[in-house]
There are 4 protein chains.
Amino acid sequence: MLEESNNWGRWGAADERGTLNLLSPEAVVAAAGCVREGRTLSLSMPIRGATSSPAPTTVPHLRGRPLPQHFMSVDGGDYAAGTRAIGAGLKMSDDALVVTPHGTTTHMDALCHMWSGDELYNGHPAGRVRSYGAQRCGIDKAGPVVGRGVFFDVPALRGVGHLSATDRIGPDDLEACGVDVRPGDIAVVRTGWPLVWQDGPDAYWAGQPGLSAAGGRWLAERDVSLVAGDNAAIGGLNERQLADEGLADDLHMILLWRHGIHLAEMLWLEELAVAARTDFLFVAAPLRIEGGTASPINPVAVL
Amino acid sequence: MLEESNNWGRWGAADERGTLNLLSPEAVVAAAGCVREGRTLSLSMPIRGATSSPAPTTVPHLRGRPLPQHFMSVDGGDYAAGTRAIGAGLKMSDDALVVTPHGTTTHMDALCHMWSGDELYNGHPAGRVRSYGAQRCGIDKAGPVVGRGVFFDVPALRGVGHLSATDRIGPDDLEACGVDVRPGDIAVVRTGWPLVWQDGPDAYWAGQPGLSAAGGRWLAERDVSLVAGDNAAIGGLNERQLADEGLADDLHMILLWRHGIHLAEMLWLEELAVAARTDFLFVAAPLRIEGGTASPINPVAVL
Amino acid sequence: MLEESNNWGRWGAADERGTLNLLSPEAVVAAAGCVREGRTLSLSMPIRGATSSPAPTTVPHLRGRPLPQHFMSVDGGDYAAGTRAIGAGLKMSDDALVVTPHGTTTHMDALCHMWSGDELYNGHPAGRVRSYGAQRCGIDKAGPVVGRGVFFDVPALRGVGHLSATDRIGPDDLEACGVDVRPGDIAVVRTGWPLVWQDGPDAYWAGQPGLSAAGGRWLAERDVSLVAGDNAAIGGLNERQLADEGLADDLHMILLWRHGIHLAEMLWLEELAVAARTDFLFVAAPLRIEGGTASPINPVAVL
Amino acid sequence: MLEESNNWGRWGAADERGTLNLLSPEAVVAAAGCVREGRTLSLSMPIRGATSSPAPTTVPHLRGRPLPQHFMSVDGGDYAAGTRAIGAGLKMSDDALVVTPHGTTTHMDALCHMWSGDELYNGHPAGRVRSYGAQRCGIDKAGPVVGRGVFFDVPALRGVGHLSATDRIGPDDLEACGVDVRPGDIAVVRTGWPLVWQDGPDAYWAGQPGLSAAGGRWLAERDVSLVAGDNAAIGGLNERQLADEGLADDLHMILLWRHGIHLAEMLWLEELAVAARTDFLFVAAPLRIEGGTASPINPVAVL
């Protein structure tokens, strides 16, 4: 109805498709070389969406966010109650999902997710982020993330099960993890905070550990392509679930806005911690939601 | 509210997490070895969800299916109109997605998607697929798909831009592609049908090319782990958008139900066709939607 | 998160609640006096929202609009398949509705639905209509509509089953209906166009009959409080489903924007036509959707 | 796709449309005669659906229920950011609503909402309530409710601002209200509980006052057509938000299931309490959601 509607040709042409050039071809080949055991780990929490049950509230999420809803539009119960099969006997189930990724599930942020002033990352006008979606810096522009994952298991370093709400991860912690970080690497940072959910929502909502501004800058200086964490905001949160840093030190501002480093949040890193591998092939492919501010993802570590 | 609600512990424990054992560890290592160029291709169509514009109707989909809806819950337009920034100046965009994957976008089917009689694949009771989701054979049980992709570019073989609506792909075609298929491989089958969308919805809805029953059996005998196609139903469709085969020859029955071979449909394979690579690392990580009948995916080929 | 979030007190206080002062108290009493037979008619089409069936496409709607989706989150089929009852034996069904009212079902427009320039009706700044909803002129400000309905059955006047797509209803038609219109009345205008849906969507989408600009002005001059029609846009539509009039003559501009006369569209008026009553008590109570641009309604005629 | 899809003709024919014969024609005429002042009151709470703000959590609701979501698909902010007007200058806003009525907002229950055993109200088979909606006893069968409202202001009777969580309303209270109840009347029962929301969610969730089983039977014996309350479940709730009564004494079982008396819950009755009118014209018109288990409503009292 408005002038902005895309036409089919826009995405059909190879040269216009979103691509996040995370790594040189050589680096992608090298990342594939990290596959030594042949084991595959999902780094995602489940999406639990039952509407008429408290189940969705039992998965870690930020307070007040709209939880996923999952609906079955035809299911085995219908056939048990007498619905006829299709044709000679075919039966099927079908469903729908309603999801707001930020704060509710494992997801990757688009570069349009946060900014200050009137410009997104790299000077794109913020006014192009409208109700029809982000015409600039949407998640459809990110492309699949394929590269070398490097793991910073901070609780293991400190000898604790998980960090505490007020813990901040600085350059010293990152250095002490002894990881050889190369440009283009995917930095996977564990706080262990999702484990706190087992003590109830109030414990989880009491604040969150995360990177300090200096920690964020340390990663940015090493030119990582993506920072992925198991906390909700990469940086820490206070008990009101807000970042405490000023604008200059805000982790989203440092990484996403100034450096164009994508963020992935709310990962599940417990099996990876058990595996204790510091490098691996990391793949995360955000859904190509045109103009999306994020996508739910199921990131994969291939060990 | 009902007895079926899962608790957090169910997914937290490593040994209960969904895993699709597609391949032996050795085979995963071998698949990673297919990465020779270091190029990454997305094999997904875009998800175009604007509600107040005809944009969503411009992406290939089956007639009558509910199209994705994408909503911005705060965006740059709000700030242009005077919304105050957060704290010292942080601005953000946020959004929500409503999606029914089957027939509307690139997705992977769960094993619970189709069956006959009272049992799902492997004898699981179909009555466990209820409104709260599939307690058996849901997409959360599939786990990430990581393996060696093998490409059957049938239009290239036949020297056409795309197959026609009544074309069926049989064992001869698959043989003629000259692909060395190994157990656990991901078979990626191109028909070129999405290109027909450029001629309008009616052309796309006139039917669809796809695998014949014999073609499906040929793949099943080779023990592939996943069959991925750029058409909407792996098998062909008639002008009413239904499969013509009887129950014994239905492609979903052969592959999904009898053999437990997952299906991925509505991929975008045009760049892969240009690349003309017959083997590559294939990664598709369905969202861990508990009890889901499918997940939208952004499959990745690493060349 | 932003500054605009309402607090509970805003709607709790009696003097701040939305009220559409349609009529003087005396006129409401007089409208109640139109109840002579004691018969109640619903003037609404059904909301048909099944997702995994073509059912929703079988109800009149404008082409390309997202159709309603209705999901059962627990139902009788689940119990048939073995779900346990609550406590000593209570069973329940529960559901959810996704609805975009404009163009898909019987609804009432808010005053914020259309405007020109930078101001809504009555000079309210259009910039207050943002992603969190319309802070000005939202449907929550309309309040229930209770008044005297007056019926213009134009097909009956012209001796046809329904008007044709290019028919426009002018002052002469309205005059000829012989209705005694008083200030505050609800003008209910029948075209019969929903009957055309029986001939298929293409027939319905070929255009639509409706009020001419002069017809709209005739009603505005008589100071009606609401114009309700069984067509999709009060005015007529061409075959591209757009209004043909210039801005000055656009029916939404004349009625909604300049005069603040609410509009209700896509009513079902066939039983009212059979009843052949020209005045009655009309009640339509839009849902109090804060900041909504419309609400689905089930308007009632009490004869 | 399945055999149950309705066709358009089903609702088109006048004699098949849902109608709740609440009252004889004489009684509807008499109800209209209750309009003496000409004042109209909305008895609904607002639907507050902003997604990226905590606003929705600030309206009374039961814990754990999915709150409404309201999305603007085009708004004034877009135009402020540069979106072009349509044609010569038309601008518009459009939106969508996702709503699960039970426990989240003012709504009316369908007769299919609760049952015991295998039969709904009046012996309808519960197995006809499936994923496509309730084929029996859906909210589309209820029809508009138009009748004489009678008001039981129990807090006023007891001289308190609102009842306490453990208070139950029995026959004595109802008798003491001094209301002349006639067959077909709509019983509107005030507890004042929504006022407790001002003290925070935990206060509201500590339990709820409501009708006792004997109170419910007292109303059923008087053959009311609808019981409407400002609490969440007509009966009381304990601190786990469940009814404490056994199956025989459960208020939904007594009223909805055994007697076919519809229920409306979560009304806002504070202005009506101030008005102190004991009889009035009551109108509530549930949306004609085919197969719905409930509908959000905006009930109206015309004084």
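Which residues does Lys91(C) touch, not counting residues up to four places away in sequence? In this predicted model, the list holds Tyr79(C) and Ala85(C) from chain C, together with His113(D), Met114(D), Trp115(D), Gly117(D) and Asp118(D) from chain D. Lys91(C) sits in strand E3, residues 90-92 of chain C. Its relative accessibility is 13%. Buried means under 20%, so Lys91(C) counts as buried. The side chain of Lys91(C) reaches the backbone oxygen of Gly117(D) at 3.0 Å.

Now turn to chains A and B. Here Lys91(B) and Asp118(A) join their side chains in a salt bridge, with 3.8 Å from N to O. Across the interface of chain A and chain B, the rule finds six salt bridges. It also finds 34 residue pairs in polar contact, both residues at pLDDT 80 or more. Strand E4 of chain A, residues 94-99, gives the most to the side of chain A that touches chain B. Its contribution is six residues. By residue type, that side of chain A divides into 54 nonpolar, 28 polar and 15 charged.

How much area do chain A and chain B bury between them? The size of an interface is often given as the accessible area lost when the parts come together. For chain A and chain B the figure is about 8000 Å². Carbon and sulfur atoms account for 62% of it. In residues, 97 of chain A are in contact with 97 of chain B.

Chain A also meets chain C. In this interface, 15 residues of chain A are in contact with 15 residues of chain C. The buried area is about 1100 Å², and carbon and sulfur atoms give 65% of it. Three residues stand out on the chain A side. Ser52(A), Phe71(A) and Ser73(A) supply 37% of the area that chain A buries against chain C, more than any other three residues.

Which elements of chain A give two or more residues to the side that touches chain C? They are strand E2 (69-74), helix H3 (76-80) and E4 of chain A. E2(A) provides the largest share, four residues. The side of chain A that touches chain C divides into seven nonpolar, five polar and three charged residues.

Next, look at helix H2 of chain C, residues 25-32. Its buried residues are Val28(C), Ala31(C) and Ala32(C). Why do they lie on the same side of H2(C)? They cover an arc of only 100° around the axis, which puts them there. What covers these buried residues comes from two chains. Chain C's part includes strand E9 (145-153) and strand E15 (279-284). Chain D's part includes helix H2 (25-32), strand E1 (40-42) and strand E17 (300-302).

Finish in chain D, with a loop residue. Glu245(D) is found between strand E13 (226-229) and helix H8 (251-258) of chain D. Is Glu245(D) buried, exposed or partly exposed? Its relative accessible area is 22%, so Glu245(D) is partly exposed. Leaving aside neighbours within four places in sequence, Glu245(D) is in contact with Leu211(D), Asp250(D) and Leu251(D). The C-alpha atoms of Glu245(D) and Ala213(D) are separated by 7.9 Å, although these residues are 32 residues apart along the chain.

Definitions and conventions:
Residues numbered from 1 in each chain as written. Chains lettered and ligands numbered in written order. Predicted model: local features only at pLDDT ≥ 70, side-chain atom pairs only at ≥ 80, totals over all residues. Heavy atoms only, no water. Buried < 20%, exposed > 50% of the residue type's maximum accessible area, 1.4 Å probe, protein only. Arc of directions from axis to C-beta. Contact = heavy atoms within 4.5 Å. Buried area = accessible area lost by both parts, 1.4 Å probe. Salt bridge = Lys/Arg side-chain N within 4 Å of Asp/Glu carboxyl O. Polar contact = N/O pair within 3.5 Å; in protein donor to acceptor, adjacent residues only side chain to side chain. Nonpolar A, V, L, I, M, F, W, Y, C, P; charged D, E, K, R; others polar.
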